[in-house]
Amino acid sequence: QVQLVESGGGLVQAGGSLRLSCVASRITLRPYAVAWYRHPPGKQRERVASITSGGTADYADSVKGRFTIDRVNAENTVYLQMNSLKPEDTAVYYCNLGEDRNTYTPYNYWGQGTQVTVSS
(Lines give C-alpha, C1' and ligand atoms only; values in the text may rest on other atoms or scores of the structure.)
Protein backbone atom coordinates (compact mmCIF):
# COMPACT_ATOMS: atom_id res chain seq x y z
CA GLN A 1 0.00 0.00 0.00
CA VAL A 2 1.01 3.61 -0.55
CA GLN A 3 3.12 5.10 2.21
CA LEU A 4 3.92 8.75 2.78
CA VAL A 5 6.41 9.44 5.55
CA GLU A 6 6.93 12.96 6.85
CA SER A 7 9.96 14.08 8.82
CA GLY A 8 11.82 17.23 9.80
CA GLY A 9 9.50 18.65 12.41
CA GLY A 10 10.65 19.85 15.78
CA LEU A 11 10.78 22.69 18.25
CA VAL A 12 12.05 26.03 16.96
CA GLN A 13 11.99 29.61 18.16
CA ALA A 14 9.92 32.22 16.39
CA GLY A 15 11.80 33.51 13.37
CA GLY A 16 13.54 30.20 12.83
CA SER A 17 13.35 27.72 9.98
CA LEU A 18 12.54 24.08 9.40
CA ARG A 19 12.55 21.89 6.31
CA LEU A 20 9.99 19.13 6.18
CA SER A 21 10.32 16.09 3.96
CA CYS A 22 7.67 13.74 2.59
CA VAL A 23 9.03 10.52 1.14
CA ALA A 24 6.75 8.21 -0.79
CA SER A 25 7.09 4.46 -1.11
CA ARG A 26 5.19 1.90 -3.16
CA ILE A 27 4.14 4.69 -5.52
CA THR A 28 5.87 7.10 -7.86
CA LEU A 29 5.04 10.71 -7.08
CA ARG A 30 5.91 12.02 -10.53
CA PRO A 31 2.38 12.05 -12.06
CA TYR A 32 0.65 13.37 -8.96
CA ALA A 33 0.12 16.66 -7.26
CA VAL A 34 1.25 16.75 -3.64
CA ALA A 35 0.21 19.03 -0.82
CA TRP A 36 1.19 19.88 2.71
CA TYR A 37 -1.61 20.31 5.23
CA ARG A 38 -1.44 21.27 8.86
CA HIS A 39 -3.70 20.68 11.83
CA PRO A 40 -3.20 23.24 14.59
CA PRO A 41 -4.41 22.35 18.08
CA GLY A 42 -8.09 23.13 18.49
CA LYS A 43 -8.51 24.21 14.89
CA GLN A 44 -9.44 22.68 11.57
CA ARG A 45 -6.95 21.15 9.20
CA GLU A 46 -5.87 23.49 6.41
CA ARG A 47 -3.88 23.11 3.24
CA VAL A 48 -0.78 25.30 3.34
CA ALA A 49 0.92 24.47 0.05
CA SER A 50 0.54 22.29 -3.00
CA ILE A 51 2.58 21.53 -6.08
CA THR A 52 1.52 20.05 -9.39
CA SER A 53 3.41 17.40 -11.31
CA GLY A 54 4.83 20.20 -13.43
CA GLY A 55 6.09 22.13 -10.44
CA THR A 56 3.44 24.84 -10.17
CA ALA A 57 3.07 25.80 -6.52
CA ASP A 58 0.18 27.31 -4.63
CA TYR A 59 0.16 28.64 -1.07
CA ALA A 60 -2.26 29.65 1.63
CA ASP A 61 -2.21 33.39 2.26
CA SER A 62 -0.97 32.77 5.79
CA VAL A 63 2.32 31.28 4.57
CA LYS A 64 2.99 33.11 1.30
CA GLY A 65 6.48 34.53 1.20
CA ARG A 66 7.61 32.35 4.11
CA PHE A 67 7.06 28.75 2.97
CA THR A 68 8.32 27.09 -0.21
CA ILE A 69 7.19 23.73 -1.53
CA ASP A 70 9.35 21.83 -3.98
CA ARG A 71 9.68 18.32 -5.29
CA VAL A 72 12.56 16.12 -6.33
CA ASN A 73 11.05 13.35 -8.40
CA ALA A 74 14.32 11.45 -8.57
CA GLU A 75 14.14 11.17 -4.77
CA ASN A 76 10.37 10.56 -4.76
CA THR A 77 10.25 13.34 -2.18
CA VAL A 78 8.43 16.61 -1.63
CA TYR A 79 9.82 19.25 0.69
CA LEU A 80 8.39 22.18 2.60
CA GLN A 81 10.89 24.88 3.51
CA MET A 82 9.47 26.98 6.31
CA ASN A 83 11.14 30.28 7.14
CA SER A 84 10.27 33.12 9.51
CA LEU A 85 8.22 30.73 11.59
CA LYS A 86 5.56 32.10 13.91
CA PRO A 87 3.91 30.57 16.96
CA GLU A 88 0.69 30.28 14.94
CA ASP A 89 2.49 27.87 12.61
CA THR A 90 2.49 25.31 15.43
CA ALA A 91 0.66 22.23 14.16
CA VAL A 92 1.01 18.67 13.00
CA TYR A 93 2.01 18.80 9.35
CA TYR A 94 0.88 16.13 6.90
CA CYS A 95 1.61 15.45 3.27
CA ASN A 96 -1.11 14.31 0.93
CA LEU A 97 -1.31 12.89 -2.57
CA GLY A 98 -3.68 14.56 -4.98
CA GLU A 99 -5.05 14.52 -8.49
CA ASP A 100 -2.93 16.59 -10.84
CA ARG A 101 -5.36 19.39 -11.66
CA ASN A 102 -5.31 23.18 -11.51
CA THR A 103 -7.42 23.01 -8.37
CA TYR A 104 -5.89 20.72 -5.78
CA THR A 105 -8.03 17.60 -5.37
CA PRO A 106 -6.83 15.33 -2.58
CA TYR A 107 -6.82 11.57 -2.63
CA ASN A 108 -7.20 9.76 0.65
CA TYR A 109 -3.47 9.14 1.01
CA TRP A 110 -1.91 10.71 4.08
CA GLY A 111 1.26 10.39 6.04
CA GLN A 112 1.41 10.03 9.82
CA GLY A 113 2.36 13.67 10.34
CA THR A 114 5.26 15.51 11.89
CA GLN A 115 4.92 17.93 14.79
CA VAL A 116 6.11 21.50 14.38
CA THR A 117 6.19 23.65 17.50
CA VAL A 118 7.20 27.31 17.34
CA SER A 119 7.95 29.02 20.64
CA SER A 120 7.58 32.76 21.14
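**Entry 1: leucine 18 and its partner**

I started with leucine 18 and looked up what it faces: methionine 82 in strand E8 stands opposite. This is a predicted model, and I read everything below with that in mind. Next I checked the two strands themselves. E3 and E8, the latter spanning residues 77-82, pair antiparallel, and I found six bridges between them.

**Entry 2: the other neighbour of E3**

Which strand does E1 join, and over how many bridges? I looked, and E1 (residues 3-7) is joined to E3 (residues 18-25) by five bridges. These two strands also run antiparallel. I jotted down a reminder here: strands of a sheet pair through backbone hydrogen bonds, either parallel or antiparallel.

**Entry 3: the disulfide**

I went looking for disulfides and found one in the structure. Cysteine 22 is joined to cysteine 95, with 2.0 Å from S to S. I checked the handedness too: the link is right-handed, with 55 degrees about the S-S bond. What does the pair tie together? Cysteine 22 belongs to strand E3 and cysteine 95 to strand E9 (residues 91-99), so the link connects parts 73 residues apart in sequence.

Are these two cysteines buried or exposed? For cysteine 22 I got a relative accessible area of 1%, so I wrote it down as buried. Cysteine 95 comes out at 0%, so that one is buried as well.

**Entry 4: isoleucine 27**

Last, I left the strands for a loop. Isoleucine 27 is located between E3 and strand E4 (33-39). Is isoleucine 27 buried or exposed? Its relative accessible area is 17%, and the cut-off for buried is under 20%, so isoleucine 27 counts as buried.

What does isoleucine 27 touch, leaving aside residues up to four places away in sequence? I listed Val2, Tyr32, Asn76 and Leu97. I also looked up one distance, from isoleucine 27 to alanine 49, which is 22 residues apart from it along the chain. Their C-alpha atoms are separated by 21 Å.

Conventions
Residues are numbered from 1 along each chain as its sequence is written. This is a predicted model: local features need pLDDT of at least 70, side-chain atom pairs count only at pLDDT 80 or more; totals for chains, interfaces and linings use all residues. Side-chain values use heavy atoms; hydrogens and water are left out. Two strands pair if DSSP finds at least two bridges between them. Helices (H or I, at least four residues) and strands (E, at least two) are DSSP runs, numbered from the N terminus. A disulfide is a pair of cysteine sulfur atoms within 2.5 Å. Buried means under 20% relative accessible area, exposed over 50%, partly exposed in between (1.4 Å probe, protein chains only). Contact means heavy atoms within 4.5 Å.
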